[in-house]
Amino acid sequence: MKSKKQCYLLLRKKLKVPVYIALIIYMTLLFYVTLLTKNDYVYGEAINLDLFRTIILMWNSGNQMLLLKNVLGNLILFFPLGCILPLLFRWANHFISSVLYGFLASLLIETMQYTIGNRVFDVDDLVLNTAGTVLGWMCFKVCFGVVYLVLRRR
């Protein structure tokens, strides 16, 4: 019977190449979607540092589809990061490390959107993107737990 740590290291080793390829594809799509596509739905000012301001503005607009697209879109956008990181880097197996990396990646994108993308820097996006990373990390942990239970029985 293998320990959880041995199982995790074996999984990382076996999936290293496909996961690196997935990371490259994901990062390419992430930068394309966040920096190169046109955003027709700009709510508020060029910089929003008031927590939940954009979400409240969208809620008050009555356009529930816009609100859903913004909230779910930002969560889904960073979900893969929370799944991919622990498969590539041992430090990302820890909750705080994954949250911090998700936040920093989101901060980089928001800063780039404002400075070179002529788009909005929104603190709400930071929160939602970080939450998406956390959800991805949690999904990874659940899936890894299932894989571990299956491998342990062998």
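This is a short chat about one predicted protein model.

User: What kind of model is this, and how are residues numbered?
Analyst: It is a predicted model: local features need pLDDT of at least 70, side-chain atom pairs count only at pLDDT 80 or more, and totals for chains, interfaces and linings use all residues. Residues are numbered from 1 along each chain as its sequence is written, and side-chain values use heavy atoms, with hydrogens and water left out.

User: How many helices and strands does the chain have?
Analyst: Five helices and two strands. Both are DSSP runs, numbered from the N terminus: helices are H or I with at least four residues, strands are E with at least two.

User: In which order do they run?
Analyst: From the N terminus on, α-β-α-α-α-β-α.

User: What box do the C-alpha atoms fill?
Analyst: Roughly 55 × 30 × 25 Å, taken along the principal axes.

User: How much of the chain is buried?
Analyst: Buried residues are 38% of the 154 in the chain. Buried means under 20% relative accessible area, exposed means over 50%, and partly exposed is in between (1.4 Å probe, protein chains only). The areas come from the Shrake-Rupley method with a 1.4 Å probe; for residues, only the protein chains shown count as cover.

User: Let's look at α2. Which of its residues are buried?
Analyst: Helix α2 covers residues 53-61, and its buried residues are Thr54, Ile55 and Met58. Seen down the axis of α2, they fall within an arc of 100 degrees, so they line one face of the helix. That arc is taken from the directions from the helix axis to the C-beta atoms.

User: Why would residues three or four places apart point the same way?
Analyst: An α-helix has 3.6 residues a turn, so residues at that spacing point the same way.

User: And what does the face turned away from the buried side carry?
Analyst: Trp59 and Asn60, both exposed.

User: What about salt bridges, how many does the structure hold?
Analyst: One. The side chains of Asp50 and Arg53 meet there, at 3.8 Å, N to O. The cut-off is a side-chain nitrogen of Lys or Arg within 4 Å of a carboxyl oxygen of Asp or Glu.

User: How accessible are Asp50 and Arg53?
Analyst: Asp50 is partly exposed at 45% relative accessibility. Arg53 is partly exposed too, at 30%.

User: Where is Phe52?
Analyst: Phe52 is in the loop between β1 (47-48) and α2. Its phi is near 70 degrees, a positive value in a residue other than glycine. Phe52 is partly exposed, at 40% relative accessible area.

User: Now the surface. Which residues form the positive patch?
Analyst: Lys4, Lys141, Arg152 and Arg153. Helix α5 (residues 123-153) gives the largest share, three residues. Arg153 lies in α5 and is exposed at 77%.

User: What makes a patch?
Analyst: Patch residues have over 30% relative accessible area and no salt bridge; like charges are joined within 9 Å, nonpolar side chains (Val, Leu, Ile, Met, Phe, Trp, Tyr) within 5 Å. Lys and Arg count as positive, Asp and Glu as negative; His and the chain ends are not counted. A charge is placed at NZ of Lys, CZ of Arg, CG of Asp or CD of Glu.

User: Which residues form the nonpolar patch?
Analyst: Val17, Ile21, Ile25 and Leu29, with about 390 Å² of accessible area together. Val17 lies in helix α1 (residues 4-36) and counts as exposed at 57%.

User: Last one: is Ala92 buried or exposed?
Analyst: Buried, at 0% relative accessible area. Ala92 is in the loop between α3 (64-88) and α4 (95-115). Ala92 and Trp137 are 45 residues apart in sequence and 8.8 Å apart in space, C-alpha to C-alpha.
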